[in-house]
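Subject: Structure handover

Hello,

Here is the structure for your files. Please look it over alongside the notes that follow.

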Amino acid sequence: MTLAALVAIYFIHLAAAISPGPAVLLAARTALREGMRRGVFLSIGIGLGACLWALAALFGLALLFQIAPRLLIALKILGGVYLGYLAYKIWTQAPKPMDTTLPEGKAGLSNLGLVWLGITTQIANPKPALFFGTVFLTFLPENPPLWATPVILGIIFFNDCGWNIIVSRIFSLDRTRRVYLNLKTLIDRIFGGLLATLSVKLMLS
């Protein structure tokens, strides 16, 4: 495993992590509603979820999809249903005013609940499965050394978690939050609509 291979993995995965998707969308919304600290917990879960997909790829995800192609179809359908459920919750709760009197960390899910939401959002999204099962594997040598696995997982976690923390920071700024509070129903409906669109796209792709 060469340094060049690790650098290639870093940049190709960073490009995948930055591309818009359900995880980035939820990170932005969480930070808007509850601040950067809460967005960080969600980002940790997103990073851990990406690491689970990377581990699956390292242990034969692509081979499994070749042997059982219907498994990928089922994964897309289940992922689409889950994202659709999240979209429904966001859409239906959009008109409700946000309770700004609750102390930080007490609104909605617990901090561990946000970590779990980040993990399940990544697991339900076949995009990481396709990335790690195809593109990711092409940058790995046939028999990588044992030390390479934790290093690669560290890169994956750093990219996914780090990028979503940056998103959380941007959307937690006071000016951004003031706009959100004034236009909460519209913005939540947009978030919900985008998630629903991703849900349908996932199941039809």
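Ile46 sits in helix α3, residues 36-58. Helices here are DSSP runs of H or I of at least four residues, strands are runs of E of at least two, and both are numbered from the N terminus. Two notes on the source. This is a predicted model, where local features need pLDDT of at least 70 and side-chain atom pairs count only at pLDDT 80 or more, while totals for chains, interfaces and linings use all residues. Residues are numbered from 1 along each chain as its sequence is written, and side-chain values use heavy atoms, with hydrogens and water left out.

Ile46 is buried, at a relative accessible area of 1%. Buried means under 20% relative accessible area, exposed means over 50%, and partly exposed lies in between (1.4 Å probe, protein chains only). Which residues does Ile46 contact, leaving aside neighbours within four places in sequence? They are Ala23, Gly118, Ile119, Gln122, Asp160 and Asn164. Contact means heavy atoms within 4.5 Å. Ile46 and Cys161 are 115 residues apart in sequence, yet their C-alpha atoms are 6.2 Å apart in space.

The length of α3 agrees with expectation: at 1.5 Å a residue its 23 residues should span 33 Å, and the end C-alpha atoms are 32 Å apart. The expected span is 1.5 Å times one less than the number of residues. Just after α3, Gly60 has a positive phi of about 105°.

**Cysteines**

How many disulfides are there? The count is zero, with a disulfide defined as a pair of cysteine sulfur atoms within 2.5 Å. The closest cysteine sulfur to that of Cys51 is in Cys161, 9.3 Å away and so too far for a bond. Cys161 is in no disulfide either. Both cysteines are buried: Cys51 has a relative accessible area of 11%, and Cys161 has 7%.

**Salt bridge**

There is one salt bridge in the structure. The term means a side-chain nitrogen of Lys or Arg within 4 Å of a carboxyl oxygen of Asp or Glu. Arg38 pairs with Glu34, with the closest N and O atoms 2.7 Å apart. Arg38 is buried, at 0% relative accessible area. Glu34 is buried too, at 14%.

**Helix α1**

His13 lies in helix α1, residues 3-18. His13 is buried, with a relative accessible area of 2%. Its side chain makes a polar contact with the side chain of Asn159, at 3.1 Å. A polar contact is a pair of N or O atoms within 3.5 Å; within protein, one must be able to donate a hydrogen and the other to accept it, and residues adjacent in sequence count only if both atoms are side-chain atoms. Not counting residues up to four places away in sequence, His13 touches Phe131, Phe132, Ile155, Ile156, Asn159 and Asp160.

Regards
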